[in-house]
Amino acid sequence: MTQPGISYFGIRHHGPGSAASLVKALQEVQPVAVLIEGPTDASPLLPLLASPDMKPPVALLCYPEDDPAATSFWPFAEFSPEYQAALWAVANKAALRFIDLPSAARLAGTAAEGSTDADATEAGATEAGATEAETSEGQGEDATRIRDPIGTLARAAGYEDGESWWSDIIEQNPEPGPIFAAIADAMTTLRDGEGAIVKFEAMREAHMRLEIAAARKEFDGPLAVVCGAWHVPALQAAHTQKSDQALLKGIGGRKTTMTFAPWTAPRLALGYGYGAGVVAPGWCKHLWQTRGQHDASVLWLARIAAVLRAKGHMISTASLIEAERLARALAAIRERPKPGFEELRDASIAALFNGEALLWKMVEAELLLGADVGEIPPDTPLAPLIDDLQRNQKAARLKPEALERELSIDLRSESGLFRSTLLHRLNVLGVSWGRLTDVGRSRGTFRERWLLAWQPEYAVRLVENLIYGPTIEKAANGSLVQMIGAATTLDALATLVQSAITAALNEASAAGLAALEEKAAHSSECLELLASVPPLADIIRYGEARKTETVRLAGLLERLTIEGAIALPYAARDLDAQAAAALMGALRKADEAIKLVESDEHVLEAWRGGLAAVLDSSRSTALVAGCAAHLLYEAGHLSAEATADLLARRLSPGTPVADAAAFFEGFFSGAGQRLIYDEGLRGAVDAWLASLDEEAFVAHLPLLRRVFSNLDSMERRRLIEAVLGRRASLPAGLTPAPDGGAAWRRHFGVLGKLLAGESSHG
């Protein structure tokens, strides 16, 4: 059924073919009012889409004032028919309105129905008004088919892509006929086979019918209704005003706030969880920008070539010409008016990828998704997190800039502490506006060095974090509390607690400490216990700079240290190479942290007792035992003489070469400088090296390189001089003969080259 004075344009959301046909139709009809599927309470914001400073993709977002986490998004791309309809209306001074359910009613409706309106987004919010047919989940194949009716028709015709079908059958057809009437007929047929529609969808269509009727009374002239193609038959059907009003009785009315926010091209894709999205936003943008051009396929192939060349692949002009010819031939064979996506893809694989379809995956995402980030006008009402960020930026006197710049912060000043806290909170939210350039050192002083660079997509990430709260502080607290709840290991919890305290997030800090204490009470995993010590020690040692209360943390740290020391001798037994390396790394970091906080004597005694137990046990893995020996030596628990005797014994000919090498690596890893100054240690190592045969010595050269890799050129020279200075006291077999004895050349000649940084093994 048609209605005089009203033109219904059933479109495919984010379809460039629909957009092109719609603009042409609007130009012919010249309506006095354009009515678009979308939340009625957002109508005042619609003209903003036509602002010169508005650069899609952007999204209209709505959130209830009493629950900002329940945020909904309505994305618009350059090729979205709704966006083009808004541009046309503003340019031609036509009235412009949304006609769908108010945003608050939609939120209440989806919650009541328990449905996932086909526009549900990745953050759990509902992206409303963006599908041809929103329907509840759980309907299997039918649900998928209903969501994309144009795609359904395309697949029935043998096409992979709805836009290619639309272009071939409707736009490029020499005699397309009345396009939108034909689409309405097709949708009517599809709807007749689907049975009863869910109640929420019926409410939406009833509301749109009432809005159309009201506009018909208000405006004297033709009206244009732009909606998802699926809804056209329902909007044209005869319904009484009374029955529609009865269906909407009791509709919710929460107070909401609406604005625009930047969006990104990948988030327009179905693959990113956007139910109303398209398969390939990059391809859709290409179709829109090359509409009406005869060289569209050539330009697409040129884009493919540019991406491949940027990745270092040689693509010749001849190959591109062959790909274009092949695409045209495929289109002719398949009886299509011109090459579409499938033809260009298949031709590219054959002519540019040597027939390897897997190579297409290298460029698929970059080409098909794109990397566009939208921009919004400066006078646009802002989302709460973006608004709060701008207030904080102003208070911190930090202007977002695209170019990188360094920022040095003094935590002893109020302004410096405020800046640091803001940047750390943003990092918690995944907004890496600032990046610490000296991690591990900056926290050890009252200064931090940051590298700042603002990216437009950070605004999108802030919008996504609205589910956690309306301010930077609340959102960061909420995000960290969720991560703390999901953490399964003690060391992960400790790191999250460190982030919470560094960012001055009290709620997350309290939740993290409680979870950490509970987890510590039930944990006996040594590696977890040791890995949790450094982040806690870091907070305690430098808590003064952030005015952090550390008494509770200090008690927890002591407990973790003692429990780790008790578990250490058992954890060091019979490990494979990977596990031993992991434990050694955790052991060194924990020891450094314990010394950093200047723990009480009883804690130090327990810690050294654990190290000594590892060293004394015959089942301890040699790598970990060597590390324990070095830590005891550095702490003064082992004298120089005792350590030299220990090394001589553990590196003696009676010890298997592999075990001796592992003990040597565990002891000297990161501590090769000790060989310069300690003659006893150097002598023990000399004797061990002298005892190795040629094959064993060469086999362990990589190990020696690792041990000496942290020595600078001066230290290497001094070690060589120290080694050469011991000739007189070396075993007789290693004393240089007049002709430069073989043993000397074999061992210290090769070792000299090693220390000098040469790659040759002599």
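## A buried ring pair

Both Phe 73 and Trp 263 are buried. This is a predicted model, and in it the two residues form a tilted aromatic pair, with 5.1 Å from centre to centre and 40° between the planes. Phe 73 belongs to strand β4 (residues 72-76), while Trp 263 sits in the loop between β7 (256-262) and α11 (281-289).

## Other aromatic contacts

A pair of aromatic rings is described by the distance of the centres and the angle of the planes. Searching the whole structure gives eight aromatic pairs. One of them joins Phe 9 and Phe 180 edge-to-face, at 5.0 Å centre to centre with 75° between the planes. Phe 9 is in strand β1 (residues 6-11) and Phe 180 is in helix α7 (residues 179-192), so this pair ties together parts that lie 171 residues apart in sequence. Phe 9 has a relative accessible area of 6% and is buried. Phe 180, at 10% relative accessibility, also counts as buried.

Elsewhere, Trp 283, Trp 300 and Phe 341 are linked by ring pairs into a cluster. A charge also meets a ring: the charged end of Arg 291 sits over the ring of Trp 288, at 3.7 Å from the ring centre.

Strand β1, which holds Phe 9, is part of an open sheet of four strands. The strand order is β1-β6-β2-β5, and the pairing is parallel. Strands β1 and β5 (95-100) form the edges, each pairing on one side only. From one strand to the next, the twist averages 30°.

Within this sheet, strand β2 (residues 33-39) and strand β6 (residues 223-228) run parallel and are joined by four bridges. Ala 33 stands opposite Leu 223 in β6. Helix α1 (residues 16-29) lies across β1 and β6, and runs at about 170° to β1.

## The protein as a whole

The protein has 762 residues, of which 53% are buried. Its secondary structure comprises 34 helices and 10 strands. Among contacts in the protein with a separation of 6 or more, 73% are between residues 24 or more positions apart.

The accessible surface of the protein is about 33,400 Å². Carbon and sulfur atoms account for 53% of that surface.

Technical notes
Residues are numbered from 1 along each chain as its sequence is written. This is a predicted model: local features need pLDDT of at least 70, side-chain atom pairs count only at pLDDT 80 or more; totals for chains, interfaces and linings use all residues. Side-chain values use heavy atoms; hydrogens and water are left out. Rings of Phe, Tyr and Trp (its six-membered ring) pair if their centres lie within 6.5 Å; planes under 30 degrees apart count as stacked, over 60 as edge-to-face and the rest as tilted. Helices (H or I, at least four residues) and strands (E, at least two) are DSSP runs, numbered from the N terminus. Buried means under 20% relative accessible area, exposed over 50%, partly exposed in between (1.4 Å probe, protein chains only). A charge sits over a ring if NZ of Lys or CZ of Arg is within 6 Å of the ring centre and within 35 degrees of the ring normal. Contact means heavy atoms within 4.5 Å. Accessible areas come from the Shrake-Rupley method with a 1.4 Å probe; for residues, only the protein chains shown count as cover. Two strands pair if DSSP finds at least two bridges between them. Axes are lines fitted to C-alpha atoms, for helices over the stretch in contact, and angles run from 0 to 180 degrees between N-to-C directions.
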